[in-house]
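Dear colleague,

Please find below the structure that I am handing over to you.

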Amino acid sequence: ALRKVQGEIGGDSVILPCNLSDAAAVDALVGQAAEALGGKLDILVNNAGITRDNLAMRMKDEEWYDVIDTNLNAVYRLCRHAVRGMTKAKWGRIINVTSSSVQSGSALQTHYTSSKGALLGFSPAVCLGHTERASALLAQGRAAYSEGRVDQAIDAYESALAVQPGSVTVLVNLADATRKQGMQGKALHYYRDALEADPGNLLAI
């Protein structure tokens, strides 16, 4: 089945089978994928989902944990490893696929619904952690810039950009700081990235 999909996709696609209920296998998957794709993983889509239909009162522990390990714990592990590489590369995207059953429920799928519902809380929480860190670094950079410590400001802004790639606010501050230091080429690069990230944002013009 995977070979058929690979043939439909074409290009340089690769196949890396993984048992998502196996923690060790999941921990190794991101590194294997990055190596197979030329050294980095740009986009992670967590769309795997299994179920072991049964009423909650009849459900066995292994049925519950099989679904939770595959649908939820694997997402956590993959995101944990992928975010590290994406942060270092200063770019990346993660898409976590949930289900409409979170709203409607399903009598035979309490484990499935629980796992997919948890992603609704997990996904923004992961983003928020990076946003708060980036905000703190941005504040440090602005303080240093206002005190004339432009080199330190640039370091702080670059760290913020690594945590929150594509942030227009960080990019503009970084462009201003590098321009002040006479680094015109870098400044133009950051201004361009800001415009590409949000063409309608006047701060980037």
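Gly 121 is found in helix H5; helices (H or I, at least four residues) and strands (E, at least two) are DSSP runs, numbered from the N terminus. The model is a predicted one, in which local features need pLDDT of at least 70 and side-chain atom pairs count only at pLDDT 80 or more, while totals for chains, interfaces and linings use all residues. Residues are numbered from 1 along each chain as its sequence is written, and side-chain values use heavy atoms, with hydrogens and water left out.

With a relative accessible area of 43%, Gly 121 is partly exposed. Gly 121 and Lys 40 are 81 residues apart in sequence, and their C-alpha atoms are 27 Å apart in space.

Thr 113 also belongs to helix H5. Is Thr 113 buried or exposed? Its relative accessible area is 16%, so Thr 113 is buried. Not counting residues up to four places away in sequence, Thr 113 touches Ser 101, Val 102, Gly 105 and Ser 106, where contact means heavy atoms within 4.5 Å.

Ser 106 itself is placed in the loop between helix H4 (101-104) and H5. Because its relative accessibility is 27%, Ser 106 counts as partly exposed. Ser 106 is 53 residues from Asp 53 in sequence, and the C-alpha to C-alpha distance between them is 9.4 Å.

I turn next to the packing of the helices. Two packed helices are described by the angle between their axes and the distance between the axes. Axes are lines fitted to C-alpha atoms, for helices over the stretch in contact, and angles run from 0 to 180 degrees between N-to-C directions.

Helix H3 (residues 61-89) packs with H5 at an angle of about 15°, and their axes are 9 Å apart. H3 is therefore roughly parallel to H5. Angles under 35 degrees count as roughly parallel, over 145 as roughly antiparallel, 65 to 115 as roughly perpendicular and the rest as oblique. The crossing of H3 and H5 is right-handed; a crossing is left-handed if the near helix is turned anticlockwise from the far one by less than a right angle, and right-handed if clockwise. Among the residues that make the contact are Trp 64, Ile 68 and Tyr 76 of H3 and Tyr 112, Leu 119 and Phe 122 of H5. By class, the contact of H3 with H5 has 12 nonpolar, 7 polar and 2 charged residues. Here Ala, Val, Leu, Ile, Met, Phe, Trp, Tyr, Cys and Pro count as nonpolar, Asp, Glu, Lys and Arg as charged, and the others, Gly among them, as polar.

How do H5 and H6 pack, and at what angle? The angle is about 165°, with axes 8 Å apart, which means that H5 is roughly antiparallel to H6. The crossing of H5 and H6 is left-handed. The residues that meet include His 130, Leu 137 and Tyr 145 in H5 and Val 150, Tyr 157 and Ser 159 in H6. This contact of H5 with H6 divides into 11 nonpolar, 5 polar and 2 charged residues.

Ser 159 lies in helix H6 and is partly exposed, at a relative accessible area of 34%. Between Ser 159 and Gln 184 there are 25 residues of separation in sequence and 20 Å in space, C-alpha to C-alpha.

H7 and H8 pack at an angle of about 160°, and their axes are 8 Å apart. H7 is therefore roughly antiparallel to H8, and the crossing of H7 and H8 is left-handed. Leu 171, Leu 174 and Ala 175 are among the H7 residues in this contact, and Gln 184, Tyr 190 and Ala 194 among those of H8. The residues of the contact of H7 with H8 divide into 10 nonpolar, 2 polar and 4 charged.

The last topic is the nonpolar cores. A nonpolar core is a set of buried Ala, Val, Leu, Ile, Met, Phe, Trp, Tyr and Cys residues joined through side-chain atoms within 4.5 Å. Which residues have the most contacts inside the largest nonpolar core? They are Tyr 157, Leu 161, Leu 174 and Tyr 190, in a core of 22 residues. Helices H5 (110-146), H6 (150-163), H7 (168-180) and H8 (184-197) are the elements that give two or more residues to this core. Apart from this core lies another, of 17 residues, including Val 26, Val 30, Ile 68 and Met 86.

How values were computed. Buried means under 20% relative accessible area, exposed over 50%, partly exposed in between (1.4 Å probe, protein chains only).
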